[in-house]
Amino acid sequence: MMRRTFITLLGGAAAWPFTARAQQPTKLPTIGYLGTAAASAWAPWTAAFVQRLRELGWIEGRTVAIQYRWAEGRAERHAEIAAEFVRLKVDVIVSGGNAAVAAKQASTVVPIVFVLAVDPVGMGLIASLARPGGNVTGLSNQQTDTAGKRLELLREVVPDLRRLAIMANVGFPEAALEMREVQAISKTLGLDVATSEIRRTEDISPAFAALKGQAEALYVTADTLVNNNRIRINTLALGARLPTMYGFRDMVEAGGLMSYGANYSDLFRRAGDFVDKISARGEAG
């Protein structure tokens, strides 16, 4: 299955300097890296980010310091970690879109680069895609915009598809938004939809049990809970004989059938470019 990449680059990446370089020459510029999931779940993306920094001349421990913090799927940790980064006086914060909201609330000064944001305007991260404004910029994966293409591909694989199940972590606003978009598109396609709402790991197995006999394929929205439980979800889907559709490649590498959407590792590489632009602006100043 050919996978295409959808990335929205937001303007204004070089709006702020690495203040530490200009003001404290003996202190390494510091990146606050806020991972919304466990370190293991983000490992490929983190590696892509660090590798891109290295290619651009930023060597961890030599020319730049990175403070890693992991929320382990607990959204309430985002604000706590963001506040810690502000106290540590990091020069830039890099995070997923949902956690970037907490970072923005913690500081209007520290540059923030977000990755994986579904709807950065609707989330209140930026004023517009063309002119983000403020201290926030980054990349949007436009997850809801590609929902229709995912359904199109799923119907090619399951040509007689009539009953679709949608699994979403309704405690995650972007996942709930994607679920509503899929429901709306499914209605126009004449599909019967069964929604399966989850909020924690313990909800996943009962959700599959409730879907028994109710669907011929499964669309799973993207979020940290799903990513952390990708092997469990794919194992249960296989047992239920449900073809699966996802929005990011990692789910397929963990045993899912198909994905269509942004290349997340590439998004994190591009985040490295944003950080480099911010640092270069500081050098010029």
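Leaving aside neighbours within four places in sequence, alanine 254 is in contact (heavy atoms within 4.5 Å) with Arg230, Ile231 and Asn234. The model is predicted; local features need pLDDT of at least 70, side-chain atom pairs count only at pLDDT 80 or more, and totals for chains, interfaces and linings use all residues. Residues are numbered from 1 along each chain as its sequence is written, and side-chain values use heavy atoms, with hydrogens and water left out.

Alanine 254 lies in the loop between helix H10 (250-253) and strand S11 (258-259). Helices (H or I, at least four residues) and strands (E, at least two) are DSSP runs, numbered from the N terminus. Alanine 254 is buried, at a relative accessible area of 19%; buried means under 20% with a 1.4 Å probe, protein chains only. Its C-alpha atom is separated by 9.3 Å from that of threonine 235, 19 residues apart along the chain.

Helices H5 (residues 147-157) and H6 (residues 173-188) pack at about 55 degrees, with axes 9 Å apart. H5 is therefore oblique to H6. Oblique angles are those left after roughly parallel (under 35 degrees), roughly antiparallel (over 145) and roughly perpendicular (65 to 115). Axes are lines fitted to C-alpha atoms, for helices over the stretch in contact, and angles run from 0 to 180 degrees between N-to-C directions. Ala147, Gly148, Arg150 and Leu151 in H5 meet Glu178, Glu181, Val182, Ile185 and Ser186 in H6. The residues of this contact divide into 4 nonpolar, 2 polar and 3 charged.

Conventions
Ala, Val, Leu, Ile, Met, Phe, Trp, Tyr, Cys and Pro count as nonpolar, Asp, Glu, Lys and Arg as charged, and the others, Gly among them, as polar. Buried means under 20% relative accessible area, exposed over 50%, partly exposed in between (1.4 Å probe, protein chains only).
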